[in-house]
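The sequence and the structure come first, and the description follows.

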Amino acid sequence: MKTIALAALTATAALATPAMAGPYVTGSAEFTGSDGEYKNREVLARVGYDTTVGNLTPYVELGGGASTDDGADGKGLLVVEVGTGLQVTEKLEVNGYYEHKKYKSANDPEWKIALGTKYRF
C-alpha cells in the first residue's frame, strides 16, 4: 500500500511539471459497478519511459497491482502497455495504445486496444 501511495504522489508531482521525455511513475485506482451496485476495484502502479521522435511520443509501461471483485479476496496482476501520441497539428493530437493484463489467478489474459484524439482550443 505504501508503494501505491508513493507512486500516486510521484505521478501527481510529475503532472505539475512540464512534459519531458524519460522515465516516470504512474498510479491509478478504478472502481466499477453496474445498476448502482459496486462490482470491482483495481489498483495499479506502473513504471514507464517515453521519448519524443519528431511528431511521435512513444512510451512503454510495466507494472502491477491488485483487483478485488465484489468484496472477494484480491487477485494480483501484471500489466504492460505500449503506445504513442502523434501531434498532427498544433491543436490536434491522435493517440493509441495496447494494454495487456495478466491476472495471477486467471488463465486468460485481458487485452485492450484504444485509439483517441485530443483537440486543444
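## Terms and basis

Two strands pair if DSSP finds at least two bridges between them. Helices (H or I, at least four residues) and strands (E, at least two) are themselves DSSP runs, numbered from the N terminus.

This is a predicted model, in which local features need pLDDT of at least 70, side-chain atom pairs count only at pLDDT 80 or more, and totals for chains, interfaces and linings use all residues. Residues are numbered from 1 along each chain as its sequence is written, and side-chain values use heavy atoms, with hydrogens and water left out.

## Overall make-up

Of the 121 residues in the protein chain, 20% are buried. Here buried means under 20% relative accessible area, exposed means over 50%, and partly exposed lies in between (1.4 Å probe, protein chains only). The chain exposes about 8600 Å², and carbon and sulfur atoms supply 61% of that area. Accessible areas come from the Shrake-Rupley method with a 1.4 Å probe; for residues, only the protein chains shown count as cover.

Contact means heavy atoms within 4.5 Å. Among contacts between residues at least 6 apart in sequence, 37% join residues at least 24 apart.

S1 and S2 run antiparallel and are joined by 13 bridges. One of the residues involved is Ala29, whose bridge partner in S2 is Val43. Strand S1 covers 22-34 and strand S2 covers 37-50, with Asp35 in the loop between them. The hairpin of S1 and S2 has two residues between the strands. Asp35 has a positive phi of about 55° although it is not a glycine. Asp35 is also exposed, at a relative accessible area of 80%.

S2 also pairs with strand S3 (residues 56-69), in the antiparallel sense and over eleven bridges. Val47 stands opposite Leu62 in S3. Five residues lie between the strands in the hairpin of S2 and S3, where Gly54 takes a positive phi near 65°. As a general point, the side chains of a regular strand alternate between the two faces of the sheet.

## Salt bridges

A salt bridge is a side-chain nitrogen of Lys or Arg within 4 Å of a carboxyl oxygen of Asp or Glu. The structure holds six of them. One joins Glu81 to Arg46, with the closest N and O atoms 2.7 Å apart. Glu81 lies in strand S4 (residues 75-87) and Arg46 in strand S2, so this pair ties together parts that are 35 residues apart in sequence. Glu81 and Arg46 are both buried.

Arg46 also meets Glu99 in a salt bridge, at 2.6 Å from N to O. This pair links distant parts of the chain, since Arg46 is in strand S2 and Glu99 in strand S5 (residues 92-103), 53 residues apart. Glu99 in turn meets Lys112 in a salt bridge, at 3.8 Å from N to O. Here Glu99 in strand S5 is linked to Lys112 in strand S6, 13 residues apart. Glu99 is buried, with a relative accessible area of 7%, while Lys112 counts as partly exposed at 36%. Through shared partners, salt bridges join Glu42, Arg46, Glu61, Glu81, Glu99, Lys101 and Lys112 into one network.

## Ala114 in strand S6

Ala114 is in strand S6 (residues 110-119). Leaving aside residues up to four places away in sequence, Ala114 touches Asn95, Gly96 and Tyr97. The C-alpha atoms of Ala114 and Gly96 are separated by 5.4 Å, and these two residues are 18 residues apart along the chain.

## Aromatic rings

Which kind of aromatic pair do Tyr119 and Phe121 form? A search of the whole structure finds one aromatic pair. Tyr119 and Phe121 form this pair, which is edge-to-face, at 5.2 Å centre to centre and 80° between the planes. Rings of Phe, Tyr and Trp (its six-membered ring) pair if their centres lie within 6.5 Å; planes under 30 degrees apart count as stacked, over 60 as edge-to-face and the rest as tilted. Tyr119 is partly exposed, with a relative accessible area of 47%, and Phe121 is exposed at 87%.

Another ring, that of Tyr103, has Lys75 over its face, at 4.9 Å from the ring centre. A charge sits over a ring if NZ of Lys or CZ of Arg is within 6 Å of the ring centre and within 35 degrees of the ring normal.
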